[in-house]
Amino acid sequence: MPVTTDQSATVAAPISSGGGRRVGLWWLVATLALGLALGLGGGVLIPRLTHPGDDSVEAGFLRDMSTHHAQAVEMSMIAHADSADSRIVTLSGDIALTQHGQIGYMQAWLRNWGLSPTSSQEPMAWMPDSAGSVVNGLMPGMATPEQLAKLREAKGKDLDIQFLTLMRQHHLGGIHMAQEILKLSDNKDVTWLAQTMVTGQQSEIALIDQLLKSIQAS
C-alpha cells in the first residue's frame, strides 16, 4: 500500500514570506490535489470479492473520518499560509498532505464498494455507545465554527498557539475514532489505515507538545 507514516516523506518545506510563501502554498494545494487523484485511482484498481455494506462500521468510519480529516486539512492550510514560524509551516504542511492523502484512500474505498461518500445516518452512528461523542453536531476533537473563525483572524504567536491547541484536541479525537474501528473491524485495508492514523497522530501530538512549550515560553 503506497501510503507511508514516514513524517519526512510528507513534510512541506518551510517557506519564508511574500512571493515565496504564495508559491509554496500553491505547491501544497497542487500536491494535495495530486495525492487525492492517486488515492482515488489506487482504490479503484484494488480488486475486491466482497465489500462492506452501506450500514457497516467500515463505511461509517470512512465517511466520518473523511469529514474529520477535512477540518484538519482546513486548519493546517490556514496555519501554513499565515504562520511566520517555520516549524508551524512545516508541521501544518505535513498534516495537510498526510490527511488529504488519507481522505483519498477512504473516498476511493467507498466508491470501490459502490457506496456513497455521505450517509443519512448521524455522525458516529457506527460506533457502539457513542452517545455524548457528538456535541453540537461535531465529532470528537473537532473545532467549533467560532474557533475556526478566530483561527482565521489570528496572527503571529497567537495563531501558532491556537493552531497547535486545536490540532492537539483534533488529533486526540481522531485517535479515539481510529482505535474504536480497530476493535470493531476485521477489514485489512481499514484497520491498516486506522493504525497508520493512530501511530502518525500520536507522534504529531508529541511534537505539538514540544512546540507549544517552546512558543509559550518565548
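How many salt bridges does the structure hold? The structure, a predicted model, holds 5 salt bridges. The legends below begin with the chain as a whole and then turn to individual sites.

**Figure 1. Overview of the helical chain.** The chain contains 6 helices and 0 strands. Read along the sequence, its elements follow the pattern α-α-α-α-α-α. Of the 218 residues of the chain, 49% count as buried. Among contacts in the chain with a separation of 6 or more, 82% are made by residues 24 or more positions apart.

**Figure 2. The largest nonpolar core.** This core has 30 residues, of which F61, L62, M106, W113, W126, M177 and M197 touch the most other members. Helices α2, α3, α5 (156-184) and α6 (188-217) each supply at least two residues of the core. A second, separate core is made up of 20 residues, including I95, A154, L159 and L211. In general terms, nonpolar side chains of soluble globular proteins tend to be buried together.

**Figure 3. The surroundings of F61.** F61 is one of the residues that touch the most other members of the largest nonpolar core. When neighbours within four places in sequence are left aside, F61 is in contact with W126, M177, A178, I181, V190, A194 and M197. Of these contacts, W126, M177 and M197 are also listed with F61 among the core residues that touch the most other members.

Figure 4. Q99 lies in helix α3, which spans residues 86-112. Is Q99 buried or exposed? Its relative accessible area is 3%, so Q99 counts as buried, the cut-off for a buried residue being under 20%. Apart from neighbours within four places in sequence, Q99 is in contact with H69, A72, V73, H171 and Q201.

**Figure 5. The second largest pocket.** About 230 Å³ of space lies in this pocket. It is lined by 19 residues, and those closest to its centre are R63, D64, T67, Q121 and P123. Helix α2 (residues 57-82) gives the largest share of the lining, with 5 residues. By class, the lining consists of 8 nonpolar, 8 polar and 3 charged residues.

**Figure 6. The salt bridge between D54 and R63.** R63, one of the residues closest to the centre of the second largest pocket, forms a salt bridge with D54. The closest N and O atoms of the pair are 2.6 Å apart. As a general point, side chains of opposite charge can pair when their charged atoms come close.

**Figure 7. The salt bridge between R87 and D85.** In this pair the closest N and O atoms are 2.8 Å apart. R87 counts as partly exposed, at 37% relative accessibility. D85, at 15% relative accessibility, counts as buried.

**Figure 8. The salt bridge between R168 and D209.** The side chains of R168 and D209 meet with an N to O distance of 2.6 Å. The pair links distant parts of the chain, with R168 in helix α5 and D209 in helix α6, 41 residues apart. R168 counts as partly exposed at 28% relative accessibility. D209 is likewise partly exposed, with a relative accessible area of 31%.

How values were computed: Residues numbered from 1 in each chain as written. Predicted model: local features only at pLDDT ≥ 70, side-chain atom pairs only at ≥ 80, totals over all residues. Heavy atoms only, no water. 1 Å grid on protein atoms, 1.4 Å probe; cavity = no way out; pocket = protein on both sides within 12 Å on 5 of 7 lines; lining within 4 Å. Points joined across faces, edges and corners; volume = space filled by probe spheres on them. Helix = DSSP H or I, 4+ residues; strand = E, 2+ residues; numbered from the N terminus. Nonpolar A, V, L, I, M, F, W, Y, C, P; charged D, E, K, R; others polar. Buried < 20%, exposed > 50% of the residue type's maximum accessible area, 1.4 Å probe, protein only. Contact = heavy atoms within 4.5 Å. Core = buried A, V, L, I, M, F, W, Y, C linked by side-chain atoms within 4.5 Å. Salt bridge = Lys/Arg side-chain N within 4 Å of Asp/Glu carboxyl O.
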